[in-house]
Amino acid sequence: GEAEPTNPVELVEDVVRNAQRAGHAVTFSGLDGSGNGLVTLKPLAIRRALDNLISNAVRYGTRAEVSLTMSEKSLRLRVEDDGPGIPEDRRVEATRPFTRLDPARNQDKGGSVGLGLAIASDIARAHGGVLRLGTSRRLGGLQADIVIGR
């Protein structure tokens, strides 16, 4: 899909609604920051990235929270969960495809963790942005931010 002027709030609300319909415990905590208006994005790609981050979040935690921060210069899409998180020394590795993280993060879940994060990371990079992983202050689990300049 081509990049087009996109309303990030509507896009995120829509992705979260679809995730809720699919039975995921996910909420959208709204928009922060002084920025508004449209951002040039590839909407299908951003949806896919958010879907992957939300799926990842509810797979390892019991709930996910999505938030959006917009300034004049940047857009930040954040997905937080209350799961075990990813230790700092494993975060770079976690965004590579097919990384298997330690058993704690992979417990009884099977399969490969890194794919969803790797896809989100690729999509962020395709927008000239970055995927940053950290620890959620609010929920205690993983915090995944897609940060894109505008």
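In this predicted model, the largest nonpolar core holds 35 residues. Seven of its members, I46, L50, L53, I54, V66, L133 and I146, touch the most other members. At least two residues each come from the helices α1 (8–21), α2 (43–60) and α5 (114–126). The strands β3 (39–41), β4 (64–70), β5 (74–81), β6 (130–135) and β7 (142–149) each supply at least two residues as well. The largest share belongs to α2, which provides seven residues. In soluble globular proteins, nonpolar side chains tend to be buried together.

Neighbours within four places in sequence are set aside here. Beyond them, L53 is in contact with V79, L117, A120, L131, A144 and I146.

The search then turned to empty space. Rolling a probe the size of a water molecule over the atoms shows where such space is left. Across the whole structure, one cavity of 30 Å³ or more was found. The volume of the largest cavity is about 40 Å³. Its lining consists of L53, N56, A57, V79, D81, L117, L142 and A144. Two or more of the lining residues come from each of α2, β5 and β7. The most come from α2, with three residues. By type, the lining comprises six nonpolar residues, one polar residue and one charged residue.

Core and cavity meet at L53. This residue is among the core members with the most contacts to other members, and L53 also lines the largest cavity. V79, L117 and A144, which are in contact with L53, line the largest cavity too.

Methods
Residues are numbered from 1 along each chain as its sequence is written. This is a predicted model: local features need pLDDT of at least 70, side-chain atom pairs count only at pLDDT 80 or more; totals for chains, interfaces and linings use all residues. Side-chain values use heavy atoms; hydrogens and water are left out. A nonpolar core is a set of buried Ala, Val, Leu, Ile, Met, Phe, Trp, Tyr and Cys residues joined through side-chain atoms within 4.5 Å. Buried means under 20% relative accessible area, exposed over 50%, partly exposed in between (1.4 Å probe, protein chains only). Helices (H or I, at least four residues) and strands (E, at least two) are DSSP runs, numbered from the N terminus. Contact means heavy atoms within 4.5 Å. On a 1 Å grid over the protein atoms alone, a cavity is a set of points where a 1.4 Å probe fits but cannot get out, and a pocket is an open set with protein on both sides within 12 Å along at least five of seven lines; lining residues have an atom within 4 Å of a point. Grid points are joined across faces, edges and corners, and a volume is the space filled by probe spheres set on the points. Ala, Val, Leu, Ile, Met, Phe, Trp, Tyr, Cys and Pro count as nonpolar, Asp, Glu, Lys and Arg as charged, and the others, Gly among them, as polar.
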